[in-house]
Amino acid sequence: MRIVHVSPDAPAVDVYVAGSTEAAVSGLAYLQATAPIELDAGEYAFDLRGAGASSESAPAFTTPALTLEGDMSY
């Protein structure tokens, strides 16, 4: 999976797999993309927090759950 920040009005974000206390991606700014991130097949939601915000803070946004299949690119 590759994550791309495409919201021009949003600040840089830290991306967490929902429920995790460790950021999967830190400081992702507008028009930046991550290197590919390896995830097992399954259902995932992602929490977005402002870059540098505490992992204990409420997310600014949580994605709907996404079902990822094995051996696919997203």
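Hi everyone, let me start with a pocket: the lining of the second largest pocket divides into eight nonpolar, two polar and five charged residues. Here Ala, Val, Leu, Ile, Met, Phe, Trp, Tyr, Cys and Pro count as nonpolar, Asp, Glu, Lys and Arg as charged, and the others, Gly among them, as polar.

Before going on, a word on what we are looking at. This is a predicted model, where local features need pLDDT of at least 70 and side-chain atom pairs count only at pLDDT 80 or more, while totals for chains, interfaces and linings use all residues. Residues are numbered from 1 along each chain as its sequence is written, and side-chain values use heavy atoms, with hydrogens and water left out.

Back to that second pocket. Its volume is about 240 Å³, and 15 residues line it, with M1, I37, E38, M72 and S73 nearest the centre. By pocket I mean an open set of points on a 1 Å grid over the protein atoms alone, where a 1.4 Å probe fits, with protein on both sides within 12 Å along at least five of seven lines; lining residues have an atom within 4 Å of a point. Grid points are joined across faces, edges and corners, and the volume is the space filled by probe spheres set on the points.

What about the largest pocket? Its space comes to about 280 Å³. The lining of the largest pocket has 14 residues, and I3, V4, V15, L48 and T63 lie nearest its centre. How do those lining residues divide? In the largest pocket there are 11 nonpolar, three polar and no charged. Both β1 and β4 (46-50) supply at least two residues each to that lining.

That brings us to the strands. The protein has six strands and zero helices, with helices (H or I, at least four residues) and strands (E, at least two) taken as DSSP runs, numbered from the N terminus. Four strands form an open sheet in the order β2-β1-β4-β5, with antiparallel pairing. At its edges stand β2 (25-28) and β5 (61-62), each with a single partner strand, so one side of each has no neighbour in the sheet. Two strands pair if DSSP finds at least two bridges between them, and β1 and β2 are joined by two bridges. In one of the pairings, V13 has L28 in β2 as its bridge partner.

Now the overall picture. For 74 residues, a compact globule would have a radius of gyration near 11 Å, and the 12 Å of the protein agrees with that; the radius is taken over C-alpha atoms, and the rule is 2.2 Å times the number of residues to the power 0.38. The C-alpha trace spans about 30 × 25 × 20 Å along its principal axes. Buried residues make up 23% of the 74, where buried means under 20% relative accessible area, exposed over 50%, and partly exposed in between (1.4 Å probe, protein chains only).

V6, in the segment before β1 (13-17), is exposed at a relative accessible area of 58%, and its C-alpha atom is separated by 8.0 Å from that of Q32, 26 residues apart along the chain. L31 sits in the loop between β2 and β3 (42-44); L31 is not a glycine, yet has a positive phi of about 70°, and its relative accessibility of 60% counts as exposed. D71 lies in the segment after β6 (66-68) and has a positive phi of about 55° although it is not a glycine. Is D71 buried or exposed? D71 is exposed, with a relative accessible area of 84%.
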